[in-house]
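Visitor: I have a structure open and would like to go through it piece by piece. Can you take my questions as they come?

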Amino acid sequence: MVNYKREVIQMAESNQQIKRGKSLKSSFLFFFSVLLVLLIFSESFITINSFINYLDQKKSLHTIQLTSELMLGTIELSLERSVSQAALHIQDPVNSEFRKLLDRQRDLGNPRIQYVIDHTDLPIVRDRLKDVMTRLDKIRTDIDRNLSLPLNQRDESIVNNIHVFFPQTIEDARSVSNLLKGNHTYLDKEIQALESLQSFAWEAREFGGRERTYLAIAVYNRKDFNAEILGRMETLDGHALYAKRMIDSLFSIYEYSDALSEDYKKMNSLYYSDYYRNKELLKNQIRRGEFKENFGTFFQSSSEALDSIVQLVRSSAKELVPVQERIVRNAMIQFITSLVITIIALGIGFFSIRYSTKTLINRITEASQVLKKLAAGDKSSDIQLHGLQAVEIADLMEAARTFRKNMLELEELISDQSSAVNQTTTTMVSLEKSSRRTAEEAQEGAKKSLVALNVAQDGEKMGEKMNLVQDQIERVVDQMAQKIEVLGEQTSDISTIVSLVGELANQTNMLALNAAVEAARAGEFGKGFSVVASEIRKLADESRNSAARIQSILSEIKSSSQDAIQLSRKGKQFVEEGSTIVSQTTSKFKDVSQTSRFVSETIETIALNLKEQSRAYGEITSAMNSLNEKTNRFIQNQDFEHNRK
């Protein structure tokens, strides 16, 4: 037996070590699973965001292409505007060279605008550009109709206002680029730098081109500027210089490509240096009336200077697309990378879960088979704890092993319990007989306590009747005292009223005296009134005397009322004392009654408990006999099964 216990202790220590190892392994598997799930969720989120970013960047690429095309198209329209405005102010009919230049600019601008109309997905952009094209067609029709006429026959509203509605139409076409961009925000600094450069270069070309038109008209017509045109030129020159300063700031902030840097230097050299110097000389010559500059030479040199700005716009547009394409490729690579990582994480998770599930199922199956054998009475199969498994499964296997051990110990305990049950049964039979005798004696005591309870209850009832009588007497005395107090209060009120009557009598007497005096002053006319006043005075005296007598009688009544109130209060006090004595007597009877009732109930309860105890002893005796029979039967069955195997 000692060796068996030592073996059990060693087995328990071994199980604890195994369990600690399993716990560490299970904790590692748990944290690995949690990290794997977090990795899958985070990578899925990153993959979705990468895909959305890829789609956005693709849309941005399309938007940049359309915006650049629209920007270049408006530049061609700007040159068309310049040629058209100059042609409308020329004295002679337009020659074929002007006509060819005008048609060429229209052929260059229209396809670019139409390209944006055909390739945009935004209905509002398409409608706005169609409206611009419709307005351009009308402007061109008016221009062509006027160019076929001499200057003095042309429509002045067209000639004098072309500098307003044609540029406005170009501005409307360019503003559509904001609608094209919509909610697209370019976070890439290189994209922002190129778009800003393109925008300010376009403004420099537009405002500089408008100013050049006024100079070309003056050179061709050999006519000085008026004040209005000179003011327009200064405004346009200010806008062009502002655009130039912004371009300078961009080149000082950002690093552009070598090609853009060369175009920037060329623009500064041809336009803002050479052309500006020649432009100021030409303005001074025109103001002095010196027209030395040839129109063709001026138009050619100014076009080259303006083309240097146009080249900066084209170069920036040309570089925008590759930069955005690179951003699109990076977004696609990021999306593919996130997708691959997500797929790998899902694969690892799938195989990990599959392996863990398979291992758990095998261990559960093994434990189930061992438990089935134990249920059939086979205790020969031992349970092996091996392999990587969860703590819960290890606990299940250890519980099955402990169950087998307990089954072996139970066989030893059952044989010891059998003899103890027999001894307990004998003792319970003796207790049952003793409790039955005690119950009979308790019932006899309960009967005697009931007689004492009845006597106490009769005394309690008599006391309650005396309390009722005392209460009625006390209420009658209280009511009598209250009535007397009310009578006293009413007597006081009457006394107050009588006092008022006396006062009124005195005042009436005074008024009668005053009336007699006034009647005496009146002489003969007041004699009748004097008699009336004398009678009123007599009545007032009688009223005062009657009030005095009433006041005296009321004083006697009030004194008698006070004596009656004192007597009623003493009677009430005697009644209260008698009521207190009766209440105390009744309370004592109640205490005796409650004590008798408690004793009677306690004795009855003891008798009932003794009966129940006797019955319980009988049931325990039956149960012990039944347990003894089942224990003997179980031992016999176990011996039979063991001998059969």
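Visitor: What is the handedness of the crossing of H5 and H6?
Guide: The crossing of H5 and H6 is left-handed. Bear in mind that this is a predicted model.

Visitor: And which residues make up those two helices, and at what angle do they cross?
Guide: H5 covers residues 189-221 and H6 covers residues 227-253. Their axes cross at roughly 155° and come within 8 Å. An angle over 145 degrees counts as roughly antiparallel, so H5 is roughly antiparallel to H6.

Visitor: What kinds of residues are in the contact of H5 with H6?
Guide: The contact of H5 with H6 has 17 nonpolar residues, three polar ones and five charged ones.

Visitor: Where does Arg222 lie?
Guide: Arg222 lies in the loop between H5 and H6. Its phi is positive, about 50°, although Arg222 is not a glycine.

Visitor: Okay. Is Arg222 buried, exposed or partly exposed, and why?
Guide: Arg222 counts as partly exposed, because its relative accessibility is 46%. The range for that label lies between 20% and 50%.

Visitor: Back to H5. How does H5 pack with H7?
Guide: H5 and H7, which is residues 258-288, pack at an angle of about 25°. Their axes are 12 Å apart. Angles under 35 degrees count as roughly parallel, so H5 is roughly parallel to H7. H5 passes H7 in a left-handed crossing.

Visitor: What about H3 and H4, at what angle do they cross?
Guide: The axes of H3, residues 123-147, and H4 cross at roughly 160° and come within 10 Å. That makes H3 roughly antiparallel to H4. H3 passes H4 in a left-handed crossing.

Visitor: Which residue can you tell me about in the loop between H3 and H4?
Guide: Arg154 is found in that loop. At 5% relative accessibility, Arg154 counts as buried, since buried means under 20%.

Visitor: How far is Arg154 from Leu88 in space?
Guide: Arg154 and Leu88 are 8.2 Å apart, C-alpha to C-alpha. Along the sequence they are 66 residues apart.

Visitor: Which elements give two or more residues to the lining?
Guide: Helix H4, residues 156-181, does so, and so do H5 and H6.

Visitor: How do the lining residues divide into nonpolar, polar and charged?
Guide: The lining of the largest pocket has seven nonpolar, seven polar and six charged residues.

Visitor: How does anyone find empty space like that?
Guide: Rolling a probe the size of a water molecule over the atoms shows where empty space is left.

Visitor: Last one, the overall picture. How many helices and strands are there?
Guide: The protein has 10 helices and zero strands. From the N terminus on, its elements run α-α-α-α-α-α-α-α-α-α.

Visitor: And what share of the residues is buried?
Guide: Buried residues make up 36% of the 645 residues in the protein.

Notes: Residues are numbered from 1 along each chain as its sequence is written. This is a predicted model: local features need pLDDT of at least 70, side-chain atom pairs count only at pLDDT 80 or more; totals for chains, interfaces and linings use all residues. Side-chain values use heavy atoms; hydrogens and water are left out. Axes are lines fitted to C-alpha atoms, for helices over the stretch in contact, and angles run from 0 to 180 degrees between N-to-C directions. Helices (H or I, at least four residues) and strands (E, at least two) are DSSP runs, numbered from the N terminus. Angles under 35 degrees count as roughly parallel, over 145 as roughly antiparallel, 65 to 115 as roughly perpendicular and the rest as oblique. A crossing is left-handed if the near helix is turned anticlockwise from the far one by less than a right angle, and right-handed if clockwise. Ala, Val, Leu, Ile, Met, Phe, Trp, Tyr, Cys and Pro count as nonpolar, Asp, Glu, Lys and Arg as charged, and the others, Gly among them, as polar. Buried means under 20% relative accessible area, exposed over 50%, partly exposed in between (1.4 Å probe, protein chains only).
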